[in-house]
Amino acid sequence: MTALEQAILTWIHLVSAAIWVGGSLFIGIVFSPLLKTMTNSIEERMQIMIRVGRRFNKVAVPSLIILMATGLYSSHMLLGKPELLVATSYGTFLIIKIILVIGLIITYAIHVRVIRKDIEEKIMSNQLSEPQIQKLRKKIIILGEITVVLSIAILFFASLLDAGV
């Protein structure tokens with residue numbers, strides 16, 4: 001792979017990471033707290049978050065897929081030989097990063113399962129009771145926090161890999 005091809009691959013990887021991680025952080029740190037100032041109704045906040053989540057997922061999910069594909073391809077090109085995966089610090093950090101990515105995918109899959117289509121429809125049509133909404137909201141917050149922590153940890157290991165540590 002030429003230096004230009006590597007630079008383009010890295011750029012695509014970084015843009016995808018910026019969309020996934022940046023969007024997740026924005027929703028959790030900026031948008032969610034701001035929503036509390038917009039309405040006191042938990043139902044309304046959940047409805048707005050569902051609309052925002054749907055829209056974000058249209059960009060975030062393809063970004064995550066591109067992120068994983070470019071990361072795997074780049075690592076494959078850099079390592080060359082599978083035995084280097086266990087024989088080098090690069091390989092060790094890459095294995096840790098892959099485990100974190102798997103954890104992220106599992107967390108995201110659970111999140112999607114918690115807010116499946118029928119639950120979304122019940123929230124949007126005010127068919128859930130206050131305790132049900134509170135319980136659901138708590139699960140979503142925990143899953144969102146796990147997603148952000150894993151994403152930040154993955155970025156840290158990406159920086160270690162980039163630095164050649």
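Me: What volume does the second largest pocket have?
Reply: About 690 Å³. Bear in mind that this is a predicted model.

Me: Which residues are closest to the centre of that second largest pocket?
Reply: His13, Gly71, Lys97, Ala158 and Leu161, out of 31 residues that line the second largest pocket.

Me: Which element supplies the largest share of its lining?
Reply: H2 does, with nine residues. At least two residues each come from H1, H2, H4 and H6.

Me: And by class, what is in that lining?
Reply: The second largest pocket is lined by 20 nonpolar, nine polar and two charged residues.

Me: OK, now the largest pocket. How much space lies in it?
Reply: About 940 Å³. It is lined by 32 residues, and Ile27, Met49, His111, Ile140 and Gly144 are the closest to its centre.

Me: Which elements give two or more residues to the lining of the largest pocket?
Reply: Helix H1 (3-38), helix H2 (42-79), helix H4 (89-114) and helix H6 (130-163).

Me: How many charged residues are in the lining there?
Reply: Six, along with 18 nonpolar and eight polar residues.

Me: Switching to H5. Which of its residues are buried?
Reply: H5 runs over residues 117-124, and Ile119, Glu120 and Ile123 are buried in it.

Me: Why are those on the same side of H5?
Reply: Because they cover an arc of only 100 degrees around the axis. As a general point, an α-helix has 3.6 residues a turn, so residues three or four places apart point the same way.

Me: What covers the buried residues of H5?
Reply: The cover includes H2, H4 and H6.

Me: Which residue with positive phi follows H5?
Reply: Asn126, with phi near 55 degrees.

Me: Thr107 next. Which helix does it lie in?
Reply: Thr107 is in helix H4.

Me: Buried or exposed? I mean Thr107.
Reply: Thr107 is buried, because its relative accessible area is 8% and the cut-off for buried is under 20%.

Me: What does Thr107 touch?
Reply: Leaving out residues up to four places away in sequence, Thr107 touches Leu143, Ile146, Thr147 and Leu150.

Me: Last one: which domain does UniProt place at residues 51-161?
Reply: The UniProt entry, which is unreviewed, gives "Copper resistance protein D" for that span.

Me: And what is the helix and strand content of residues 51-161?
Reply: The span is 89% helix and 0% strand, and its end C-alpha atoms lie 36 Å apart.

Key
Residues are numbered from 1 along each chain as its sequence is written. This is a predicted model: local features need pLDDT of at least 70, side-chain atom pairs count only at pLDDT 80 or more; totals for chains, interfaces and linings use all residues. Side-chain values use heavy atoms; hydrogens and water are left out. On a 1 Å grid over the protein atoms alone, a cavity is a set of points where a 1.4 Å probe fits but cannot get out, and a pocket is an open set with protein on both sides within 12 Å along at least five of seven lines; lining residues have an atom within 4 Å of a point. Grid points are joined across faces, edges and corners, and a volume is the space filled by probe spheres set on the points. Helices (H or I, at least four residues) and strands (E, at least two) are DSSP runs, numbered from the N terminus. Ala, Val, Leu, Ile, Met, Phe, Trp, Tyr, Cys and Pro count as nonpolar, Asp, Glu, Lys and Arg as charged, and the others, Gly among them, as polar. UniProt positions are given in the numbering used here, feature names are shortened, and annotations may be inferred rather than shown by experiment. Buried means under 20% relative accessible area, exposed over 50%, partly exposed in between (1.4 Å probe, protein chains only). The arc is that of the directions from the helix axis to the C-beta atoms. Contact means heavy atoms within 4.5 Å.
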